[in-house]
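Colleague: I have a few questions about this model. Can you take me through them one by one?

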Amino acid sequence: MPSRWLLSILTLILASAIVVACNGDNENTETSGKETDGGKPDDFVTLKMIMPGDESARMREFVDNELNDRLKNDLNMKLELTYIPWGSYQQKLELSLSTGEDYDLFWHGTPFVSGYKSKGYIQPLDELLQKYGQNLIKNIPAENFKLDQIDGKQWAIPSQAFTSAGKFTSVMVRQDLLESVGMTEIRTIADLEAFYRKMHAIDPSYYGYLETDRGHEVLWRELSGENLTAFDERNLFAVNEDTGELVNYVESDLYKKVAHLREDWVKKGIIDKNLVGNPQSKIDQENAGKLLFRVGAVSRAMENLQTAQKADSGAKLREYFLAPDKPRYIVAPSNEAYMIPAAAKHAERAMMFMNWILKSKDNYNFIIFGVEGKYYRIENGKIKLLTNDQLMYEWMWRNKNYFTAPTNVPDDVVRDMLHNDDNAKISRLFGFHFNEEPVKKEMAQVLTVYKEKFDLINSGLVGYNSGFSSAMTALKKAGYDKVFAELKKQFNEFNAGRP
Amino acid sequence: MKRFGIFAKMMIMLMILLTPILVLYAISNRTSTTVLTQEIMKVKRNQIESSAGQLNQLFAQFDSYKKMLYESTDVRNLAYPDLLGDDLLQYHTLRTVSEEINRLAGYGNWKAVIAVVYPKTGMVIRSNSNLNALPELLPDHDAYWDYRRDDRGSYFIDTFSYPDQWSNTEQPDIRVVVKVDETEIMSQLTELKSGGFSDPILFLPDADPIYNYSANRGLIRGLRPALQFIRNLPDGEQTFLNADADGNTYQIHFQKIESLGWYLVDYIPISRIMKPINRDRTMFYSISGMMLFMAVCLSFLLYRNIRIPFRKLLQSMNLIEKGIYSSRMRDRPPGEFRILYDRFNAMAERIEDLIEVVLKEQIQSKEANLKHLQSQINPHFLYNTLAYIKSMIELGEKEAAIAMTMSLSKYYRYTTKSGKKLATVREELELVSHYLQIHRSLTDSFEFEFEMDDRLLDLEVPRLILQPLVENVVLHAFKNNDEYGIVRIVGRMDGDAARLSVEDNGPGMPLPDLDALQTAFRSVKNEEIESGLLNVHRRMQLLFGDDAGLRIMPSDSGGVAAELRWTVPEGNGSLTEDGKGELRVV
């Protein structure tokens with residue numbers, strides 16, 4: 001009997017040894033397939049995403065370590081971010097899109113959605129949104145989604161869900177410097193000029209005004225008796241909110257007033273003519289804490305505070321509307337649009353990733369600020385940032401449900417921001433998308449001429465009287481009238497079509 | 001060798017089979033390991049050379065951008081704003097230079113800060129990026145990819161100034177600066193890592209290495225002492241070195257990036273790469289060892305289960321051969337050998353049985369015949385007969401004397417004819433009638449009669465089988481009997497069962513005596529033959545088998561009947577001379 005036992009045991013050993021030997025290399029076999037019950041997909045992917053700005057070492061370390069560990073765990077993916085500096089963002093982004101590089105997700109402003117849709121750069125998201133985007137639907141008002149709907153389809157995710165009325169029509173000032181010259185607030189253009197004059201008298205190294213994007217609407221509130229909303233950031237057209245008429249802004253008296261004012265500012269030194277052609281230098285001035293005021297964007301006082309305080313720890317920022325009693329208009333409740341390129345390889349995962357961001361406050365804080373305790377702390381219900389950069393700009397995903405005010409931002413600034421939309425009106429431009437396709441050629445020419453001729457007038461380097469008529473002639477030659485006619489036509493159709 | 005025949009042979013065969021396999025495997029394993037190591041080295045070499053080449057190229061390219069800007073008229077003109085005079089011209093020149101710089105900085109994936117600095121006017125034109133600002137202090141002499149550090153981090157800087165000599169009091173007019181941050185290099189190293197490098201770093205002896213973002217810094221610190229040797233190596237002669245850290249062996253490959261003077265370094269955990277191969281090898285050897293061990297076990301089992309029982313069987317056979325028939329197989333193993341052992345035991349038993357029976361029978365047969373012969377030479381009988389003949393002659397009864405003499409002579413001739421052992425019933429009856437005639441003549445106290453089935457007459461029976469029965473009747477039945485005795489000899493056939501009985505009308509025997517007699521008959525095999533009746537019974541059994549024999553019972557006429565019964569052998573054939581053989585069927 002024992003010999004029979006011995007035999008069976010030996011056979012068993014041999015058999016198991018063979019089985020082990022055969023299975024030895026199968027450990028790494030991956031199972032591929034769709035999704036498991038927990039919503040975590042089975043296949044591991046690398047999501048490629050384009051972001052504007054610069055990547056700091058801290059951001060990169062966070063992505064490579066904590067974030068991608070978390071994303072692997074939650075979504076079985078890793079994030080690969082390509083940062084394009086702000087100055088060349090649009091140009092490089094469009095180059096990537098037009099050459100069909102396989103990025104999966106990118107951000108841009110809402111006004112670009114329509115153009116990218118007509119160029120075929122992006123794909124409709126309705127199905128993906130319904131299937132994977134329930135947290136987006138839950139946390140972003142349905143109205144915001146309408147912004148990015150064209151031809152009945154959703155083309156982008158309006159990632160921001162916050163206050164937005166009168167965006168780009170306010171002015172942001174260095175409140176601490178304003179107070180240091182004995183002023184308390186800005187209500188008129190004269191206040192701005194006085195602020196510069198007083199400050200410059202104390203320290204001539206301060207730089208007056210920075211214009212990196214649209215800057216005309218700030219002045220309109222005071223210089224125009226009507227309620228005008230700019231059509232877009234290109235300062236060509238506007239809508240009269242009272243009458244609903246489209247305004248040919250460049251040829252209007254208002255433009256003339258603005259141009260004269262700028263000319264005056266150059267003379268006064270508020271605009272430094274030596275820096276006008278050197279955009280990065282202007283930003284360097286702001287980063288160096290030498291800027292007195294610039295265009296506001298509802299929450300810029302909060303967003304830029306950190307940078308300002310880095311250069312001058314006592315810095316305070318505040319946004320003001322000139323002619324504060326005039327109404328504010330909501331053109332786009334979210335100017336931020338996340339789009340999925342048509343060439344995306346992992347569109348589903350891109351949607352799941354966005355959904356993940358708004359899934360919980362924890363995720364939201366994690367992707368924006370990083371690891372709690374390491375990159376930020378919560379103090380008295382406010383967030384204290386321990387770093388000076390954010391992986392994703394907080395404003396991109398700012399959401400009423402998850403927003404936490406930073407500790408360094410004064411309560412009145414937060415209050416301004418949270419109550420910005422109180423009593424705001426919906427702009428007549430809300431939901432309108434200009435399809436540039438019919439006047440594509442003219443539009444390109446108009447923009448080139450505008451840049452060559454009008455930028456100089458806008459910045460005050462060339463006087464309106466001396467430069468305008470030739471510039472306008474060139475603009476008309478480029479097809480300006482045709483563009484305006486097409487815009488009017490489309491806008492009338494848009495108005496006719498709405499209830 | 002003889003003792004372990006099968007065992008040893010099997011072992012040798014196994015060795016012959018296994019050895020070439022093991023040798024071949026060892027050779028092929030060594031070859032593949034070498035080839036693999038060389039391939040890995042070659043791949044890594046190519047990878048590191050081309051990447052270092054690309055990095056070198058890139059920095060050279062940035063350097064050429066620097067020269068382009070340095071030579072640009074627009075850049076020069078901006079150094080002397082008073083000469084330009086016109087705001088608009090300055091704006092256009094500024095914008096052109098700014099755009100040019102941004103264009104140059106925008107090429108490729110690398111983010112460098114490209115800037116033109118005019119120290120005298122304080123103007124800076126640079127590529128746009130928020131993070132990668134210029135250092136607060138530019139180097140006080142022109143640098144070619146110097147590695148420097150300020151409170152915002154480390155960077156490589158490349159500058160070109162006009163004029164190229166200056167003092168603290170007189171700053172240069174123009175400085176063209178290209179700066180690459182360490183963080184950018186870290187990003188690019190991380191890219192390399194995701195592109196197939198295992199853990200690339202940039203290394204310069206005596207400086208802190210530039211890591212990739214997910215570098216295993218602890219391990220690299222462990223490898224640093226070995227890396228310091230790079231300094232002592234002549235350029236290009238050696239391209240890798242080996243180092244141990246964390247219990248693994250690492251092959252460290254390096255290639256100098258000429259423009260930076262730093263080395264691009266990557267390491268391969270060679271012992272970890274080889275681990276699966278080594279594991280497979282170990283597994284193969286251990287399985288081979290296990291198989292060998294199992295084969296030894298199997299052959300041992302075979303030896304135990306076949307060879308040993310077989311040997312035992314042979315030993316027992318030898319004992320049987322030597323005449324020790326009592327030898328039996330004990331400790332019967334399971335399986336086929338149990339059957340074999342059982343059969344052997346059965347066979348040995350049969351042999352023992354047969355040999356004992358034959359021996360006993362021979363002895364008993366001799367003994368029975370001897371007894372019989374003894375019984376025939378009965379002096380009393382002879383004396384009586386002779387006395388009768390004498391008196392008859394004296395009485396002149398010549399006829400009676402002659403008859404008696406004839407009977408006696410026939411009787412003795414028959415009884416002394418010892419050559420034959422068998423006789424027919426007819427012959428026996430004839431003898432008995434002579435015997436009875438003699439006795440009747442002597443005593444005249446009984447009659448006798450035959451009642452015989454004819455089929456019985458030619459059957460063969462042992463010689464002188466009937467005479468003892470008749471003698472018994474004559475001697476005992478009528479001794480004290482007043483009546484006239486009658487002896488009846490009856491023969492019957494019932495199928496193939498033959499019966500031959502001798503009955504008398506004497507006083508008979510008491511029943512206990514009869515029983516005792518029957519018992520004696522039953523155990524006759526083992527007993528010495530003492531009485532004539534037992535002798536008869538035994539002889540019948542010896543010839544016709546155990547069913548045959550003698551039975552004593554009360555007769556119909558009140559006396560005793562002694563009955564011989566036997567089964568007539570098939571074919572009614574005559575028995576062989578010696579009275580045994582095929583008739584002795586069990």
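Colleague: How many bridges join strand 3 of chain B to strand 4 of chain B?

Modeller: Keep in mind that this model is predicted. Strand 4 covers residues 153-162 of chain B, and strands 3 and 4 run antiparallel. In this pairing, B:Arg149 stands opposite B:Ser154 of strand 4. The number of bridges joining the two strands is five.

Colleague: Which strands of chain B stand at the edges of the sheet?

Modeller: The sheet is open, and its five strands in chain B take the order 2-1-5-4-3. An edge strand here has a single partner strand, so one side is left without a neighbour in the sheet. That holds for strand 2 (123-126) and strand 3 (146-150) of chain B.

Colleague: Which helix of chain B packs on the sheet?

Modeller: Look for a helix touching strand 4 and strand 5 of chain B. Its direction makes about 40° with that of strand 5. It spans residues 182-194 and is helix 5 of chain B.

Colleague: Where is the kink in helix 8 of chain B centred?

Modeller: Helix 8 has 47 residues, 275-321 of chain B. Its ends are 66 Å apart, first C-alpha to last, close to the 69 Å expected. The kink is about 30°, centred on B:Tyr303.

Colleague: Is B:Asp206 buried or exposed?

Modeller: B:Asp206 lies in the loop between strand 6 and helix 6 of chain B. Its phi is positive, about 75°, though it is not a glycine. B:Asp206 has 6 inside 10 Å, so it counts as exposed.

Notes:
Residues are numbered from 1 along each chain as its sequence is written. Chains are lettered from A and ligands numbered from 1 in the order in which they are written. This is a predicted model: local features need pLDDT of at least 70, side-chain atom pairs count only at pLDDT 80 or more; totals for chains, interfaces and linings use all residues. Helices (H or I, at least four residues) and strands (E, at least two) are DSSP runs, numbered from the N terminus. The expected span of a helix is 1.5 Å times one less than its number of residues. The bend at a residue is the angle between axes fitted to the seven residues ending there and the seven starting there. Two strands pair if DSSP finds at least two bridges between them. Two residues are in contact if their C-beta atoms, placed from the backbone, lie within 7 Å. Axes are lines fitted to C-alpha atoms, for helices over the stretch in contact, and angles run from 0 to 180 degrees between N-to-C directions. A residue is buried if 20 or more other C-beta atoms lie within 10 Å of its own, exposed if 12 or fewer, and partly exposed in between; C-beta atoms are placed from the backbone.
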